[in-house]
Amino acid sequence: MAEYLLVPAARHLIALGTLDPRQAAPLSDAGLTSYHAVKRSLHLLGPGSTAVVIGAGGLGQMTIQILRALSAATTVAAVDTDAGKLETAKHMGAHEALLSGDEMIARIKDITVQQGVQLVLDMVGTDPTLRMAAHVARTLGRLCGCR
């Protein structure tokens with residue numbers, strides 16, 4: 001789709017080098033979606049804060065990395081139904097990798113001393129995940145549906 005993209009100047013472009021365009025293409029979506037969600041919520045995060053990323057697929061993995069890069073003092077918990085994706089989330093920097101369910105909610109409450117988290121980034125965006133997000137968010141916390 002490059003021939004359909006118009007930019008005001010070449011300085012807005014980054015050379016791919018040896019990166020295959022098929023590998024680079026998703027970065028514009030996953031990277032920008034995740035970055036935007038995290039960046040607009042950074043003021044909520046600081047030492048002792050906790051963020052939950054629901055969904056540890058491509059968007060979630062990118063979100064975990066961006067959270068770690070922009071808010072190193074924040075505890076990042078990844079939640080998913082797939083143990084393999086949670087293992088990858090740990091490699092991407094998640095402090096906690098939790099299978100979705102009641103035990104996950106209890107663990108998040110334990111981590112936050114029953115207060116709930118400052119930020120939930122729901123990268124799935126289904127009714128069950130939004131309900132889960134509401135259970136782990138603190139009063140006046142932020143829930144971002146990023147799908």
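Trainee: Does V113 count as buried, partly exposed or exposed?

Mentor: V113 counts as exposed, at 62% relative accessibility. The general idea is a pair of cut-offs: buried means under 20% relative accessible area, exposed means over 50%, and partly exposed is in between, with a 1.4 Å probe and protein chains only. Before we go on, some ground rules. This is a predicted model, in which local features need pLDDT of at least 70 and side-chain atom pairs count only at pLDDT 80 or more, while totals for chains, interfaces and linings use all residues. Residues are numbered from 1 along each chain as its sequence is written, and side-chain values use heavy atoms, with hydrogens and water left out.

Trainee: Where does V113 lie, and what is its phi near?

Mentor: V113 lies in the loop between α4 and β4. Its phi is near 50°, a positive value in a residue other than glycine. As for the element names, helices (H or I, at least four residues) and strands (E, at least two) are DSSP runs, numbered from the N terminus.

Trainee: Which strand holds L140, and what is the phi of L140?

Mentor: L140 is found in strand β5, residues 137-145. L140 has a positive phi of about 65° although it is not a glycine, and L140 is exposed, with a relative accessible area of 80%. A glycine case is G93, which takes a positive phi of about 120° just after α3.

Trainee: Which backbone oxygen lies 2.9 Å from a polar atom of the T112 side chain?

Mentor: That is the backbone oxygen of I108. A polar contact is a pair of N or O atoms within 3.5 Å; within protein, one must be able to donate a hydrogen and the other to accept it, and residues adjacent in sequence count only if both atoms are side-chain atoms.

Trainee: How should I read helix packing, and at what angle do α1 and α2 pack?

Mentor: Start with the axes: they are lines fitted to C-alpha atoms, for helices over the stretch in contact, and angles run from 0 to 180 degrees between N-to-C directions. Helix α1 (residues 21-39) and helix α2 (residues 58-70) pack at about 50°, with their axes 9 Å apart. That makes α1 oblique to α2. The scale is this: angles under 35 degrees count as roughly parallel, over 145 as roughly antiparallel, 65 to 115 as roughly perpendicular and the rest as oblique.

Trainee: Which residues make the contact?

Mentor: From α1 they are L27, A30, G31, T33, S34, Y35 and V38, and from α2 they are L59, M62, T63, I66, L67 and L70. By class, this contact of α1 with α2 has 9 nonpolar, 4 polar and no charged residues. Here Ala, Val, Leu, Ile, Met, Phe, Trp, Tyr, Cys and Pro count as nonpolar, Asp, Glu, Lys and Arg as charged, and the others, Gly among them, as polar. An α-helix has 3.6 residues a turn, so residues three or four places apart point the same way.

Trainee: Is T63 buried or exposed, and what does T63 touch?

Mentor: T63 counts as buried, at 0% relative accessibility. Not counting residues up to four places away in sequence, T63 touches S34, V38, V53, L121 and M123. By comparison, L27 in helix α1 counts as partly exposed, at 45% relative accessibility. L27 and M62 are 35 residues apart in sequence and 9.0 Å apart in space, C-alpha to C-alpha.

Trainee: And at what angle do α2 and α3 pack?

Mentor: α2 and helix α3 (residues 83-92) pack at about 25°, with their axes 9 Å apart. α2 and α3 are therefore roughly parallel to each other. Their contact is made by Q61, I64 and Q65 of α2 and T88, A89 and M92 of α3. By class, the contact of α2 with α3 has 3 nonpolar, 3 polar and no charged residues.

Notes:
Contact means heavy atoms within 4.5 Å.
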